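Visitor: Can you walk me through this model? Keep it quick, please.

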Amino acid sequence: MSTEIVKDIICPQCGESQKYRLFSSINAKDNPDLKQSVLDETLFDWRCQRCNYFAAMAYPFVYVDNRARYVICAAPGGSGSAVESTEQMQGYVKRRVKNLAELKEKILIFDSGLNDVAVELVKNALCTIIRRSYDNARLHAYFSKVEGEKMDFAIFLPRQPEPVYHSTRIEVYNQSQEVLRTLDYVEPENFITVDARLAKKIIEEYQST
Ligand SMILES: [Zn+2]
């Protein structure tokens, strides 16, 4: 079940008091509409019914998928207290993310049946290759989808709102899984952040073996 909280908020533009529904937890199966708003990155959106003022709220919540067995703690800007792993979450993949874009990516990865640690290794390899063609800019890659033998990524460049798309062979993903096997990588029981930093650490460890 999803847990809903209704709050009164005052529109900063017109002063009208209104109800705002926020969620401390979202269950993928029970609330497909909420899942969709995460995938659309509109979950935090709020619009004043009186003056049409728009604001993007941000609050911490937990996203749970019991079927695919994963739970993700979304803590915008590092807000919210650390989520403790409970007995019900045993055996679940547990992640921490900072925003809806990162949460969306995790959902797309896990719903495709992929391992996000291996996907981060693929992203690292891909960014290393393509960075040169973008003047060594700081790139942010997000998993998009798997299609046939290809894995697609949305690449965000500095100051560009629209991403460019790059794909890599699924073979690179299989090799990344092999790297994790070689290192005896074990999924921890607590909430962890799986991002480019972790990928870098794993690659360094792999290269020193
Ligand atoms: Zn208003």
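Guide: We start with the domains, then turn to the core and a sheet. This is a predicted model: local features need pLDDT of at least 70, side-chain atom pairs count only at pLDDT 80 or more, and totals for chains, interfaces and linings use all residues. Residues are numbered from 1 along each chain as its sequence is written.

Visitor: Into which domains is the protein divided?

Guide: Domain 1 covers 3-111 and domain 2 covers 116-207. The bounds come from an automatic or database domain assignment. Their centres, taken over C-alpha atoms, are separated by 25 Å.

Visitor: How many residues of each are in contact?

Guide: 13 residues of domain 1 are in contact with twelve of domain 2. Contact puts two C-beta atoms, placed from the backbone, within 7 Å.

Visitor: Which element gives the most on the domain 1 side?

Guide: α2, with six residues. The elements giving two or more there are β7 and α2 (100-111). Helices (H or I, at least four residues) and strands (E, at least two) are DSSP runs, numbered from the N terminus.

Visitor: Is β7 buried or exposed?

Guide: Four of the five residues of β7 (residues 93-97) are buried, so the strand is largely enclosed by the rest of the structure. Buried takes 20 or more other C-beta atoms within 10 Å of a residue's own, with C-beta atoms placed from the backbone. β6 (residues 70-74) runs parallel to β7, joined by five bridges. Cys 73 stands opposite Arg 96 in β7.

Visitor: Switching topic. Which residues have the most contacts inside the largest nonpolar core?

Guide: Val 38, Tyr 63, Ile 72, Ala 74 and Leu 103, in a core of 36 residues. Both domain 1 and domain 2 give residues to this core, so it lies between them. A nonpolar core is a set of buried Ala, Val, Leu, Ile, Met, Phe, Trp, Tyr and Cys residues joined through C-beta atoms within 7 Å.

Visitor: And what does Leu 103 touch?

Guide: Val 38, Tyr 63, Ile 72, Ala 74 and Val 97, not counting residues up to four places away in sequence.

Visitor: Now the open sheet. What is the strand order?

Guide: β8-β9-β10, with antiparallel pairing. β8 (140-147) and β10 (164-169) stand at the edges, each with a single partner strand, so one side of each has no neighbour in the sheet. Two strands pair if DSSP finds at least two bridges between them.

Visitor: How many bridges join β9 to β10?

Guide: Six, with β9 spanning residues 150-156. Asp 152 stands opposite Ser 167 in β10.

Definitions and conventions
Buried ≥ 20, exposed ≤ 12 C-beta atoms within 10 Å, placed from the backbone.
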